[in-house]
Amino acid sequence: MSPTPAPLPTDLAQGLALVGERLGLFGGDVLWYPDVGSTNDVAGVLAEHGAGEGVVVVAERQTAGRGRYGRVWASPAGAGLYLSVVLRPVRPAPLLTLAAGVAVAEGLLVSTGLQASLKWPNDVHLGERKVAGILAESTASHTILGVGINLRPAGYPPDVAARATSVEAELGRSVDRGLVLGACLCALTARYRDLQAGCAAAIVTAWRARAAATMGRRVEWESDGQRRQGTAEGIAEDGALLVRAESGLVRVLSGEVRWT
Ligand code: BTN
């Protein structure tokens with residue numbers, strides 16, 4: 001059974017009201033849940049039952065928040081923004097994750113002044129630490145794009161704590177999560193529009209500008225059961241990571257990449 005949405009908390013409603021029409025695609029249903037397993041699952045069920053493109057699911061807390069490769073996304077109450085949006089499939093699909101990363105970085109800049117950087121394919125960093133992640137899950141009929149943003153320090157598991165940061169930890173002050181939500185959804189609507197309009201180049205250019213620090217770094221990945229290594233050189237127009245390996249320039253599109 002799906003959980004029941006509750007009225008949107010005032011701070012979030014105010015943040016969304018402030019940006020108004022700039023929410024575009026996401027200006028319709030923003031559904032709030034105090035407690036869910038995963039917002040991606042809730043949005044997926046809604047999409048299967050006919051929810052239209054642009055429906056947004058936001059939760060105070062997730063009990064089964066997940067990241068890529070089945071990792072746990074720690075989602076304590078009030079410590080982060082946990083949201084998922086319903087989209088229809090877009091091509092090239094890898095660019096959607098990149099577009100979302102750019103949008104989150106742009107939303108954070110507008111709402112907090114913080115300059116986030118991006119690490120292929122989906123990590124949003126402040127300095128050396130991860131502040132947000134993106135999980136896109138697709139079926140033939142819809143894509144659920146999930147975004148998790150760490151807003152304030154929380155009791156993360158030790159392995160996560162060493163690599164994670166939060167908006168408030170970096171700012172040294174409290175942050176209005178409604179402003180962050182509004183700004184990120186505005187940026188996401190604009191970047192999704194770029195994708196739909198075939199302006200992949202705009203996304204790739206914006207992504208490259210925010211990922212310069214990771215280029216030239218060593219990466220490891222698996223291909224055909226073999227571990228491979230190389231140096232990240234950039235991304236291609238379709239979002240693939242370009243890695244200089246012994247065999248030449250390799251395109252990495254899927255699978256886990258480890259930055260060393
Ligand atoms: C990653 O970096 O591995 C992706 C993390 C994505 C986390 C978000 S939180 C909202 C949505 N619901 C989930 O269960 N996961 C995504």
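Me: By class, how many nonpolar, polar and charged residues are in the lining of the largest cavity?

Reply: That lining has 8 nonpolar residues, no polar ones and no charged ones. Ala, Val, Leu, Ile, Met, Phe, Trp, Tyr, Cys and Pro count as nonpolar; Asp, Glu, Lys and Arg as charged; the others, Gly among them, as polar. This is a predicted model, where local features need pLDDT of at least 70, side-chain atom pairs count only at pLDDT 80 or more, and totals for chains, interfaces and linings use all residues. Residues are numbered from 1 along each chain as its sequence is written, and side-chain values use heavy atoms, without hydrogens or water.

Me: Which residues line the largest cavity?

Reply: Rolling a probe the size of a water molecule over the atoms shows where empty space is left. On a 1 Å grid over the protein atoms alone, a cavity is a set of points where a 1.4 Å probe fits but cannot get out; a pocket is an open set with protein on both sides within 12 Å along at least five of seven lines; lining residues have an atom within 4 Å of a point. Here the lining is Leu83, Ala100, Ala103, Val104, Val147, Cys184, Leu185 and Leu188.

Me: What is the volume of the largest pocket?

Reply: About 940 Å³. Volume is the space filled by probe spheres set on the points, with grid points joined across faces, edges and corners. The pocket has 42 lining residues; closest to its centre are Arg71, Trp73, Asp123, Lys130 and Arg163. By class, the lining has 17 nonpolar, 13 polar and 12 charged residues.

Me: Where does the largest pocket lie?

Reply: Domain 1 (10-210) and domain 2 (215-259) both give residues to its lining, so the pocket lies between them. The bounds come from an automatic or database domain assignment.
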